[in-house]
Amino acid sequence: MAGAAGPAAGSGAAGGDGDDSLYPIAVLIDELRNEDVQLRLNSIKKLSTIALALGVERTRTELLPFLTDTIYDEDEVLLALAEQLGNFTGLVGGPDFAHCLLPPLESLATVEETVVRDKAVESLRQISQEHTPVALEAHFVPLVKRLASGDWFTSRTSACGLFSVCYPRASIAVKGEIKQYFRSLCSDDTPMVRRAAASKLGEFAKVLELDSVKSEIVPLFTNLASDEQDSVRLLAVEACVSIAQLLSQEDIEALVMPTLRQAAEDKSWRVRYMVADKFSELQKAVGPKITLNDLIPAFQNLLKDCEAEVRAAAAHKVKELCENLPIEGRETIIMNQILPYIKELVSDTNQHVKSALASVIMGLATILGKENTIEHLLPLFLAQLKDECPEVRLNIISNLDCVNEVIGIRQLSQSLLPAIVELAEDAKWRVRLAIIEYMPLLAGQLGVEFFDEKLNSLCMAWLVDHVYAIREAATSNLMKLVQKFGTEWAQNTIVPKVLVMANDPNYLHRMTTLFCINALSEACGQEITTKQMLPIVLKMAGDQVANVRFNVAKSLQKIGPILDTDALQVEVKPVLQKLGQDEDMDVKYFAQEAISVLALA
Amino acid sequence: MPAIFLKAYDATSNEQQELFCQKLQQCCILFDFMDSVSDLKSKEIKRATLNELVEYVSTNRGVIVESAYSDIVKMISANIFRTLPPSDNPDFDPEEDEPTLEASWPHIQLVYEFFLRFLESPDFQPSIAKRYIDQKFVQQLLELFDSEDPRERDFLKTVLHRIYGKFLGLRAFIRKQINNIFLRFIYETEHFNGVAELLEILGSIINGFALPLKAEHKQFLMKVLIPMHTAKGLALFHAQLAYCVVQFLEKDTTLTEPVIRGLLKFWPKTCSQKEVMFLGEIEEILDVIEPTQFKKIEEPLFKQISKCVSSSHFQVAERALYFWNNEYILSLIEENIDKILPIMFGSLYKISKEHWNPTIVALVYNVLKTLMEMNGKLFDDLTSSYKAERQREKKKELEREELWKKLEELKLKKALEKQNSAYNMHSILSNTNDELKKKPATSVG
């Protein structure tokens, strides 16, 4: 079919001048119907092009009905369609005609696949804003009602996301109806729908009048928070944040807190986890007074919860919680009500809990100040630095900067060193990789002397690690160190050691020399590069292993721009030319590439 | 926990009854099994008591009296209903990893054992039990199917099966809740450990459905079981799922077309392992298909099979080609050779020349030979028009490209026009008053 119509369309396009009736719709629809899913998908993704070719009127009268009728397709195609339609208002003739887009989107909002439905809802929300208040009530609200009373759960689930966009612009009578529909979805028979309603509860509350929030949303919230399914209850915790933000202190105390207290002690760990996870948001929403009276005791319980998952989530929030306490009296509260629990967690049985704590605990130093840090926190840091789990130690080391600002790193350096050394030699290469990445930071904080004395040998040892990723990281680590400590330091401590490796019997180590030179040459500058590095590179051009030789070519290409013309012409060029005649294909290739990049031909 | 013995056979039946209830209450006390050293003695006493209870209800007649039901269900609930702990391994992969076993199994196992003996006892009366084993009870029972411990799920399977068999009033509710669990599994969490067990129960439930099938059941097939094929962990329950699907088709053959179309819609795009499973299921369906139903789906189905035989993954190709070893499928193909041969020919011809795997090439030769014997004339026609057909396809492809190129040009042109008009509008605006300025701003945007 497309074959027959194709040429006609082609000639039409050549003759016409942007005429709307240029393309027979059949041709375009054929494309949307193509047997091959991939082609169909491509066509749908260019739906706007098709609409443009058809013009606004035929898009409305022919294309959209077609799309509405042929909704049965692969989800992939439907997803693309749902996305396209959200930006289609202009193509159907502007806001006055936006409602034409509702029928296909309504069908899409009822399909099974969540991703498609969510996208359809997103597009509907977008389009709702383009409706006039009159059109909204005439077309959009009825659609929401139809979805909300659909047979299958999918349409009701989709409806949940649409209430908040039509409520603010609806008339009072319609507002009442909208609330009624939302209410019934909150007590829907299907847990999927209740979950959808619970997850939109906060958003809906925000657009309601304050009185309605108190008289209608709060009871819904209370119900959902005591749903028989924990998957529903935990969503109510999220809604709690939004609702509390809308209410006065007294109202929060009377209307929200009983439910929140109950959630913090829920029999399902998933709900308690959610409370822990949303703790900072909750804290901000309920304000300092309720935080002190209610949330802190709840937090203490979460920190000693029987499920490790919950303890870990709470441990993650320790720093934020402390930061957000009112400054007045903060220190006392932390010292008396939080710190004792933290001390327990340092020796928790679960490594995720300890590592969650280790990732934030250093942040307390700035809040508690120098003396408290030295007296109370330092022992904890030190204990964690000796933890059996490498992740805990890493988390402490990676946050050293917080402590450095308060007490200076020297306090820790005695314990730091064994911890670093042990991590540096950990059997798991990912642990070694992680500690390498903190080296430049540590070097900066510990100073050059300490570094030379204790850490330099580690950095050099990584260069001959048996895992490539470590050798690679070690190389870029050296570059960062040179940037920190300067070229003189490099010349005295690093360069000689790197260059010695050029004579190593292991070709992998010889290549590491080249990689280091690639990384260091720029930081070290012309003089060191020309005088110390270049001779070594050139010498290695005679290596018996081809991999080394083509890396010589690559290195020369890399350091070429740093050298002066003299060195390039006299020293580099002949070597590259020789490599260009190498018997190995790859060596030849890279040598020739270097010659052309350095313009030595 | 003090020890009381139930073996007081000399006690009067009233005393014995009272003792029975006391023991049940005693077994409501829970112990912390995460701590393996605490309360060792008490744990042992409870274990012995549970054993005694199991023994008591299975060897004695007339001991399950009306007044005991409440205590029995209470004891069972207290022990087995709990929020399942988070998995030790957050990336738990049921196909790869060892499951975390339930720590309190020494007690829970006996409680399940007791529960089963209770349900299976000849004295058991559903009419009394339904006061305690109600919707809420079943709901909690179903949630336990997510347990990571296969031993527990195995017990649950038998327990739920018995409950479904004995409590007619709960059947619709159980089906609906399983429905919800599956939908959540498919569309929300993609995680539920007990899918295979629930499907196994459903297999026998479907077997017992009366004809004609209710709309509710058909909906379950099309909107739950078929989409379930999209799940990541399909391998874990595919056998049970395919069994359920075939059960439905054996009940009502008119479901064949929508089921096959559904499977084609969800056909795996990248996962070869799943594709092999789909092909297996298709063969199971074809084994029971009616020839009239076959005619309805042969075209889309064989288009897919034609893609499968030309898969570069040899296991997929091989699985599809095995269809030709199936006598019944072969007879269906032969009856409809005029339709099927043109669909299959292109792929088979191409693979016979190009496939990397010699086994596949050999299989394809055999298939081609079989097809040739079915209709030699058509086969020859297709062979001679093969090249022309390929060229026509290529031409069509070029025309498509041409069409889209033109469309793109048109789009650019329109965009340009719009820009120009916006520009013109802008130059007009800069010369007019403020009032005008506001209007076009919206129409331009």
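This is a predicted model: local features need pLDDT of at least 70, side-chain atom pairs count only at pLDDT 80 or more; totals for chains, interfaces and linings use all residues.

Student: How many residues does the contact take from chain B and from chain A?

Tutor: Chain B contributes 35 residues and chain A contributes 48 residues, where contact means heavy atoms within 4.5 Å.

Student: And how much area do the two chains bury?

Tutor: About 3700 Å² is buried between chain B and chain A, with 57% of it on carbon and sulfur atoms. Buried area is the accessible area (1.4 Å probe) that two parts lose on being put together, summed over both.

Student: Which residues of chain B lose the most area to chain A?

Tutor: They are B:Tyr187, B:Lys265 and B:Trp404, together 17% of what the chain B side buries.

Student: How many salt bridges are there between the chains?

Tutor: Five salt bridges are counted between chain B and chain A, each being a side-chain nitrogen of Lys or Arg within 4 Å of a carboxyl oxygen of Asp or Glu. A salt bridge joins the side chains of A:Asp189 and B:Lys176 at 2.5 Å, N to O.

Student: What is the count over all chains?

Tutor: The whole structure holds 55 salt bridges. One of them pairs A:Glu177 with A:Lys145 at 2.8 Å, N to O. A:Glu177 is in helix 11 (residues 172-186) of chain A and A:Lys145 in helix 8 (residues 133-148) of chain A, so this pair ties together parts 32 residues apart in sequence.

Student: Now the helices: at what angle do helix 23 and helix 26 of chain A cross?

Tutor: The axes of helix 23 (residues 390-398) and helix 26 (residues 429-446) of chain A cross at roughly 15 degrees and come within 10 Å. Helices (H or I, at least four residues) and strands (E, at least two) are DSSP runs, numbered from the N terminus. Axes are lines fitted to C-alpha atoms, for helices over the stretch in contact, and angles run from 0 to 180 degrees between N-to-C directions. Helix 23 and helix 26 of chain A are therefore roughly parallel; angles under 35 degrees count as roughly parallel, over 145 as roughly antiparallel, 65 to 115 as roughly perpendicular and the rest as oblique.

Student: Which residues of helix 23 meet helix 26?

Tutor: A:Pro390, A:Leu394, A:Ile397 and A:Ser398 in helix 23 of chain A meet residues of helix 26 of chain A, including A:Val431 and A:Tyr438.

Student: How do helix 3 and helix 4 of chain A pack?

Tutor: Helix 3 (residues 37-45) and helix 4 (residues 47-69) of chain A pack at about 100 degrees, with their axes 12 Å apart. That angle makes helix 3 of chain A roughly perpendicular to helix 4 of chain A.

Student: Finally, where is the cis peptide bond?

Tutor: The cis bond joins B:Leu211 and B:Pro212, with omega about -5 degrees. B:Pro212 is in the loop between helix 9 (195-207) and helix 10 (215-225) of chain B.

How values were computed:
Residues are numbered from 1 along each chain as its sequence is written. Chains are lettered from A and ligands numbered from 1 in the order in which they are written. Side-chain values use heavy atoms; hydrogens and water are left out.
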